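This note comments on a structure in numbered points, for a reader who is new to the subject. Please keep the sequence and the 3D view at hand while reading.

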Amino acid sequence: MIALPYLDIDTPFPPVSEALNDPNGLLAFGADLSAQRLFSAYSSGIFPWFSDDEPLLWWSPNPRSIIELDDFVCSKSLRKLARQKRYKVTLNHAFDSVINACANIPRKNPNSQAPSQDTWITEDMQKAYSYLHQLGLAHSVEVWDGDALVGGLYGVGVGKVYCGESMFHKQSNTSKLAMLALVEHMKRNKMAFIDCQLPTDHLASLGAKTIFRNEFIEKLQTSNHTLTDEGSLTTDYMHQWHPQVITP
């Protein structure tokens, strides 16, 4: 039987070193999706991941998947797409539309490859991250074909680290274009790396690698200056994430 810590609303997270090996990274359950809890989680290398029929589960897997900005793989076809300037890419222009699209875009069941409407981005998750965005801590990248939103991604910013959550595309390669635009934006602002959480073949094709959790936590801690001593967002952080056009 799994012995998993239960978190009350005010219970702090246990050390990530106490996360289970099987399932990999499961740390605790309970608490809530308040902005304070989510910010504490991401600042500590923890993220929520659960379905509608499950309790709120918190994870910190080992190893961890990240993309170092200089390691991002831009294929010839993606570079060609970017040169065509067919799409406009923006930052933080339509967060709610992006997270809704990520929650509702049809995906394939990983076991059967059949189309599936299952999603871990529940309504409560959407509301929680939307509020986090209003506070200036969650960020979206949008790809536009005229006035139509055709691709994008969203995640949480922790200092100079972008903790990616999900992406979607409605036209070929538009989610990859969003990622390219994000990487180039982060480079311009001398940011650190993208946290991809768990390794996948798709992320590996974009340059993701895995590192041990303790190394990930060290890298996160050296780049997580998000708030001033008074609890406000730093000037640098706000500059990094103000709404703008970032077409690569």
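**Notes on the predicted model**

1. Leaving aside neighbours within four places in sequence, Gln240 is in contact with Leu91, Gly159, Lys160, His185, Asn189 and Met191. The structure discussed here is a predicted model. Gln240 itself lies in helix α8, which spans residues 235-241. Is Gln240 buried or exposed? Its relative accessibility is 3%, and a residue is called buried under 20%, so Gln240 counts as buried.

2. The protein as a whole contains eight helices and 14 strands. Along the principal axes, its C-alpha atoms fill a box of roughly 55 × 50 × 30 Å.

3. Buried residues account for 52% of the 248 residues. As for contacts between residues at least 6 apart in sequence, 70% of them join residues at least 24 apart.

4. Two packed helices are described by the angle between their axes and by the distance between those axes. For helix α1 (residues 35-43) and helix α4 (residues 123-134), the angle is about 80° and the axes are 10 Å apart. Angles of 65 to 115 degrees count as roughly perpendicular, and α1 and α4 are therefore described as roughly perpendicular to each other.

5. Which residues form the contact between α1 and α4? From α1 come Ala35, Leu38 and Tyr42, and these meet Ala128, Tyr129, Tyr131 and Leu132 of α4. The residues of this contact comprise seven nonpolar, no polar and no charged.

6. Helix α2 (residues 76-84) has Leu78, Leu81 and Ala82 as buried residues. Seen down the helix axis, the buried residues of α2 fall within an arc of 100°, so they line one face of the helix.

7. After α2 comes Lys85, with a positive phi near 55°.

Conventions
Residues are numbered from 1 along each chain as its sequence is written. This is a predicted model: local features need pLDDT of at least 70, side-chain atom pairs count only at pLDDT 80 or more; totals for chains, interfaces and linings use all residues. Side-chain values use heavy atoms; hydrogens and water are left out. Axes are lines fitted to C-alpha atoms, for helices over the stretch in contact, and angles run from 0 to 180 degrees between N-to-C directions. Helices (H or I, at least four residues) and strands (E, at least two) are DSSP runs, numbered from the N terminus. Angles under 35 degrees count as roughly parallel, over 145 as roughly antiparallel, 65 to 115 as roughly perpendicular and the rest as oblique. Contact means heavy atoms within 4.5 Å. Ala, Val, Leu, Ile, Met, Phe, Trp, Tyr, Cys and Pro count as nonpolar, Asp, Glu, Lys and Arg as charged, and the others, Gly among them, as polar. Buried means under 20% relative accessible area, exposed over 50%, partly exposed in between (1.4 Å probe, protein chains only). The arc is that of the directions from the helix axis to the C-beta atoms.
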